[in-house]
Amino acid sequence: MSELLDHLLATPLLAIALTLAAYFAGGRLFRLVGAPAWCPPILVAALLLAGVLAVLGIDYADYREGAGWLMLLLGPATVALGLPLYQQMGHIRAMWRPLLVCLPISALMAAFYAVGIAWLLNAPPEILASLAPKSVTAPIAIGITEQLGGSVSLMMGGLLLTGVVAIGFVDLVARWLKIRDPRLIGLALGINGHAIGTVRAFEIGPTAGAFASLGMSLTGILTALLLPLAWQLPGLVG
Amino acid sequence: MAVLRGFLWLLGFLLLGDILATLAGLPVSAGVIGMLLLTAWLMIRGTVSADIAAAAQPLIGVLAMLIMPGVVGVFFILGTLAGQWLAILAALVGGTLLSVFTTLWLMRRLMGKESLDHE
């Protein structure tokens, strides 16, 4: 049995098939339980896949080596995000002034707050580097974490939790500040809650959704451009 | 065939981004530079070719599947994070509350009256 497994793991085919199967089964299970808004469907699929790997006794490193072939597609998929960005150029032009001020501050503060709190609680540098891109959409965040020297797995977990709590907090804070403008709520969901927040924004309405994807893509770009540079600052000063 | 032609376009922009990042020594991933190059290219052209749309839309649709191998990893590192839980949770939950507040407060200030009229 274990020899057969080793034989199958010699090529990436088994890892790719397991990932695809868990993706579709997870999606089906997610709809079966009524598609709760706070739970990203990817979390269900990932739990299923982790369970299957544990039951079959497949080492995560072995799985990851095969599944790396799938993640190779993240490169062209990140480039593809340029298409929705171009399609939202009208929105960007109409609001360029507040966006120009708010986006760099929001994107940097999202990273700064998390890294600051973890640093105050004495977390090691590897954890700080994994938490920094927590508000960035996953394909871009993977590139950032690898550059900063963090753990991609921990970053992914942080990304999921951030997206889920961002949905609740945006609702709470918007009510507290008496903000009802769907453009602002969508933007806050996209900037702080990346893809998970954007999915939630599309449930509120198309305007909120468009502004969420706008916030998500611009936060991703700005963080990818600014964070690696900001990361080198303490090293240069100290 | 449109999908493959579009995919070749995406790969071209990705490789171009990689070349630029390497030559300029930029600490930015090749994908992000490729994305900006694609946006700039579409703005110059003023229209989206059917080939690029045919490849880009399905790829964006399966993004969640492409990041799954990374998400699964979190269940396998839980043991190695012992002792860091408080710092990680406080950073994620507290940091997100603060950053959501910053965004909404800042945008309300910047948009002024306009945001109150738009309901």
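Visitor: What is the secondary structure of chain B?
Guide: Chain B has seven helices and zero strands. Bear in mind that this is a predicted model. In order from the N terminus, the elements read α-α-α-α-α-α-α.

Visitor: And why is chain B described as more spread out than a compact globule?
Guide: Its radius of gyration is 21 Å, while the globule rule gives 14 Å for 119 residues, so chain B is more spread out than a compact globule. Along the principal axes, the C-alpha atoms of chain B fill a box of roughly 50 × 50 × 30 Å.

Visitor: How many of the residues of chain B count as buried?
Guide: That would be 39% of the 119 residues.

Visitor: Switching topic: how many residues of chain A are in contact with chain B?
Guide: 81 residues of chain A are in contact with 67 residues of chain B. On the chain A side, helix H11 (residues 152–176) gives the largest share, with 15 residues.

Visitor: How does that side of chain A divide into nonpolar, polar and charged?
Guide: There are 61 nonpolar residues, 15 polar and five charged.

Visitor: Which residues have the most contacts inside the largest nonpolar core?
Guide: Those are A:Ala114, A:Ala118 and A:Leu131, in a core of 112 residues. H11(A) brings the largest share of this core, 13 residues.

Visitor: What is A:Ala118 in contact with, leaving aside its neighbours within four places in sequence?
Guide: In chain A, its contacts are A:Ala123, A:Ile127, A:Leu128 and A:Leu131. In chain B, A:Ala118 is in contact with B:Ala87, B:Ile88 and B:Ala91.

How values were computed: Residues numbered from 1 in each chain as written. Chains lettered and ligands numbered in written order. Predicted model: local features only at pLDDT ≥ 70, side-chain atom pairs only at ≥ 80, totals over all residues. Helix = DSSP H or I, 4+ residues; strand = E, 2+ residues; numbered from the N terminus. Rg over C-alpha atoms; globule rule 2.2 N^0.38 Å. Buried ≥ 20, exposed ≤ 12 C-beta atoms within 10 Å, placed from the backbone. Contact = placed C-beta atoms within 7 Å. Nonpolar A, V, L, I, M, F, W, Y, C, P; charged D, E, K, R; others polar. Core = buried A, V, L, I, M, F, W, Y, C linked by C-beta atoms within 7 Å.
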